[in-house]
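Please read the notes below with the model open beside them. They go point by point.

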Amino acid sequence: MNIAKTLVGFVSVVALAGFLPGCGSSSTSPSSGTLGIEELSAGTGATVAAGDTVNVSYVGRLASGSQFDAGTFSFRVGAGSVIKGFDDGMIGMRVGGKRRLTIPPNLGYGSQGSGPVPGNATIVFDVTLNSIVGK
């Protein structure tokens, strides 16, 4: 069942990525409950696919602009080790690229919230893709 959900999410993101016109575009509205992806800088390296292990730098903010986290870490895309909106927002990103992910509660921390993120919060991550292991 988890694999089916991951595949459905992957297909949705790939379909969405095909409609992104390019750098500086916003794909969706956070108020609609869908993931917003804005290409800040496209990057020129390898492209992320489900199953890749990536290294990213990020800054996380609440929709109000208040920063709640920042750092650098590695994770396997599609493995469910990060919130769904962050996972889905990595698909199709290129090494060296920067994206702004606007993540509604249903793809983030939900009604429960987590740590400094209150329940039902829309969150925004500015993400830089540093590398993809093996690519």
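**Notes on the pocket and the core**

1. The lining of the second largest pocket consists of Tyr58, Phe68, Asp69, Phe73, Val82, Ile83, Phe86, Tyr109, Ser114, Pro116, Val117 and Phe125. A pocket here is an open set of points on a 1 Å grid over the protein atoms alone, with protein on both sides within 12 Å along at least five of seven lines, and lining residues have an atom within 4 Å of a point.

2. The model is predicted: local features need pLDDT of at least 70, side-chain atom pairs count only at pLDDT 80 or more, and totals for chains, interfaces and linings use all residues. Residues are numbered from 1 along each chain as its sequence is written, and side-chain values use heavy atoms, with hydrogens and water left out.

3. Strand β3 (residues 67-76) gives the most to this pocket's lining, three residues. Strands are DSSP runs of E, at least two residues long, and helices are runs of H or I, at least four, numbered from the N terminus. The protein has two helices and five strands, in the order α-β-β-β-α-β-β.

4. The largest nonpolar core contains 26 residues, and Val54, Phe86, Met90, Ile103, Ile123, Phe125 and Val127 have the most contacts inside it. Such a core is a set of buried Ala, Val, Leu, Ile, Met, Phe, Trp, Tyr and Cys residues joined through side-chain atoms within 4.5 Å; buried means under 20% relative accessible area, with a 1.4 Å probe and protein chains only. Strand β5 (123-132) supplies the largest share of this core, five residues.

How values were computed:
On a 1 Å grid over the protein atoms alone, a cavity is a set of points where a 1.4 Å probe fits but cannot get out, and a pocket is an open set with protein on both sides within 12 Å along at least five of seven lines; lining residues have an atom within 4 Å of a point. Buried means under 20% relative accessible area, exposed over 50%, partly exposed in between (1.4 Å probe, protein chains only).
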